[in-house]
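I opened the model to look up helix packing and local confidence. My entries follow in the order in which I made them.

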Amino acid sequence: MAKAGELAVRRFRVIRPDGHLIWLESRTERQYDRQGRLAMLHGVIQDVTDQEKVRSEQARLASINNSMRKITGADFWRADTEGKLLDFTNWMRFTGQTPEQLKDYGSLSAVHPDDRDLFTKTWQSGIALKQRIELSVRVRRHDGAYQRFKNSVVPVIDADGAILEWHGMSWVAEDAPSTPRTAVALQSAHVRAARALLDISAQQLAEMSQVSFSTIRRMEADASAVRQDSIDQVQAALGRRGVQFLQGQNGHISVALSPV
């Protein structure tokens, strides 16, 4: 395995003498002699149990969200006791906001200016009364257009009556003032479907979009792992070839090809 280069970065589980299971990450570097033969391995190892717990929790939440979307056509999300988002992936993908921008939660910069007061007062009332919240607001998409979402949010309350967090679901509302149909942010399945419609290879799409081939491959595996500007370039290139990404009132997403 060392000679094949498979030990560069590896994660594995270890059961400690006290019975606890931990995750370790090993990083190695190979040293060769003058004849090019492997002579020695240098390595470091560290405990990455906390990182694996976070990754596992994110994967679990993503699985729940996908299941809820299939059942209801809505996105599931969580917020802390004050209503601040705990799950950022879908929000960043839709709005194009960065983690730094999300830190200024109080500004509500992605919410339509005319809806911000309603948003704040509705949340304040729900938190004070510990009751279900029904809210309809417009959110600015990454391309600058606004889309209305209907939101239904309930508090998760412990045995002592304290709010632990909030669980919510969001649906795309029927009215979309900025677009004739509800355009959606690019997702992995969209790229694969669009390539099939155009009958082009991943390399051809990379050249059309002026991004790397590896970026296209990562995007087709997990769009959330790709920078938003690269996603925008791919979406624009596909749009020039007549590909449209549409979302109906039921939340189902479709990929269409129109004459250019």
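I looked up helix α6 (residues 202-209) first, and I noted A202, L205, A206 and S209 as its buried residues. Buried stands for under 20% relative accessible area, exposed for over 50%, and partly exposed for values in between, with a 1.4 Å probe and protein chains only. Helices (H or I, at least four residues) and strands (E, at least two) are DSSP runs, numbered from the N terminus.

Contact here means heavy atoms within 4.5 Å. After α6 comes Q210, with a positive phi near 60°.

I must record the basis of these entries: the model is predicted, local features need pLDDT of at least 70, side-chain atom pairs count only at pLDDT 80 or more, and totals for chains, interfaces and linings use all residues. Residues are numbered from 1 along each chain as its sequence is written, and side-chain values use heavy atoms, with hydrogens and water left out.

Next I checked confidence, using pLDDT, the predictor's confidence in each residue, from 0 to 100. The protein averages a pLDDT of 83, and 89% of the residues score at least 70. Confidence is highest in strand β6 (residues 146-157), at a mean of 92, and lowest in strand β8 (residues 182-183), at 44. Over residues 175-183 the pLDDT is below 50, and I noted 18 contacts for this stretch in the model beyond near neighbours in sequence.

I turned to helix α4 (residues 116-129), in which F119 lies. The 14 residues of α4 should span 20 Å at 1.5 Å a residue, and its end C-alpha atoms are 20 Å apart, which agrees; the expected span is 1.5 Å times one less than the number of residues. The buried residues of α4 are F119, T122, W123 and G126. Their arc around the axis is only 95°, so they sit on the same side of α4. They pack against β4 (75-79), β5 (133-140), β6 and β7 (163-172). The face turned away from this buried side carries K121, Q124, A128 and L129, which are exposed.

For F119 I noted a relative accessible area of 14%. Its C-alpha atom is separated by 9.9 Å from that of R138, 19 residues apart along the chain. Just after α4, K130 takes a positive phi of about 55°.

Definitions and conventions: The arc is that of the directions from the helix axis to the C-beta atoms.
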